[in-house]
Amino acid sequence: MPELIPLYSIKVVCCNCEHEFSTSRVRPSLKKAIRRDADFCSYYKDENPDYYVVRVCPKCGFASTENSADKLVEWQRKSFEAQVGRRWKARDFGEKRSWEVALETYKLALICAQSIKDKERIIASLLHHIAWLYRYQGDTVQEQRFLRYSLDEYVKVFENDSSGGNDARLMYLIGELNRRVGDFTVAVRWFSRVINDQRIVDAAMIRASREQWAILREQMRGEDIDPDGLPSAT
């Protein structure tokens, strides 16, 4: 039986210039992660699906994800053209991607999203994915830098766009990113909110918050920080 080729092509219509182009995706049957970090960063044995999240129009250079708008309005097109489009040199990102190429597509998508003032949730996710890419390479300095950027955006999402202030997954993620950047006191506050808010019924996120709070206590002891002065997360 022939080996299954991991990538396949789909057709996408650019939301800026409406040019149709091809981009690659990883077959769903091959998307099984071998492990996953507590902030949802996944690791794969073969082709990494995260490398192919961003679709880049080879004609105009607009980079987006499937969560982006279907069509830009006129002011967004003008803003993109002024900040990104006029400097674009035609390139095709439709084939197999290396880590370097994947990073380039994410950073281009970030610039595009910022130029059109896209949703904070999309910008936060792009920043978070860039942090993951640096994590894959063991580049802690850049990973921490982009984790902090994404954390700031996730907090904005919670303040401006969360579902009634009890978005358990978002609250947990803010807690976990604070733990990862070393803001332990802030981290436990967010974990505590997930665990103790009676409106939250997401059992998986409540359990994850308890687990990460326990890890946080051990992490603090390992760094000679007394965890007993922090609020309880039980």
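A residue is called buried when its relative accessible area is under 20%, exposed when it is over 50%, and partly exposed in between, as judged with a 1.4 Å probe on protein chains only. The structure described here is a predicted model, in which local features need pLDDT of at least 70 and side-chain atom pairs count only at pLDDT 80 or more, whereas totals for chains, interfaces and linings use all residues. Residues are numbered from 1 along each chain as its sequence is written, and side-chain values use heavy atoms, with hydrogens and water left out.

The secondary structure of the protein chain comprises 7 helices and 6 strands, where helices (H or I, at least four residues) and strands (E, at least two) are DSSP runs numbered from the N terminus. Read from the N terminus, the elements follow the order β-β-β-β-β-β-α-α-α-α-α-α-α. Along the principal axes, the C-alpha atoms fill a box of roughly 60 × 50 × 35 Å, and 49% of the 234 residues are buried. Among contacts (heavy atoms within 4.5 Å) between residues at least 6 apart in sequence, 59% join residues at least 24 apart.

Helix α6 (residues 184-196) has 13 residues and reaches 18 Å from its first C-alpha to its last, close to the 18 Å expected at 1.5 Å a residue; the expected span is 1.5 Å times one less than the number of residues. Within α6, the buried residues are F184, A187, V188, W190, F191, S192, V194 and I195, and these pack against α4 (140-161), α5 and α7. An α-helix has 3.6 residues a turn, so residues three or four places apart point the same way.

Helix α6 packs with helix α7 (residues 203-222) at an angle of about 155°, their axes being 9 Å apart; axes are lines fitted to C-alpha atoms, for helices over the stretch in contact, and angles run from 0 to 180 degrees between N-to-C directions. The helices α6 and α7 are therefore roughly antiparallel to each other, since angles over 145 degrees are counted in this way, those under 35 as roughly parallel, those from 65 to 115 as roughly perpendicular and the rest as oblique. On the α6 side, F184, A187, V188, F191, V194 and I195 meet M205, I206, S209, R210, Q212, W213, L216, Q219 and M220 of α7. By class, this contact of α6 with α7 has 11 nonpolar, 3 polar and 1 charged residues, where Ala, Val, Leu, Ile, Met, Phe, Trp, Tyr, Cys and Pro count as nonpolar, Asp, Glu, Lys and Arg as charged, and the others, Gly among them, as polar.

Helix α7 also meets helix α5 (residues 168-180), and the axes of α5 and α7 come within 10 Å and cross at roughly 10°. The two helices α5 and α7 are therefore roughly parallel to each other. Their contact is made by A168, R169, Y172, E176 and R179 of α5 together with M205, A208, S209, Q212, I215, L216 and Q219 of α7, and by class it has 6 nonpolar, 3 polar and 3 charged residues.
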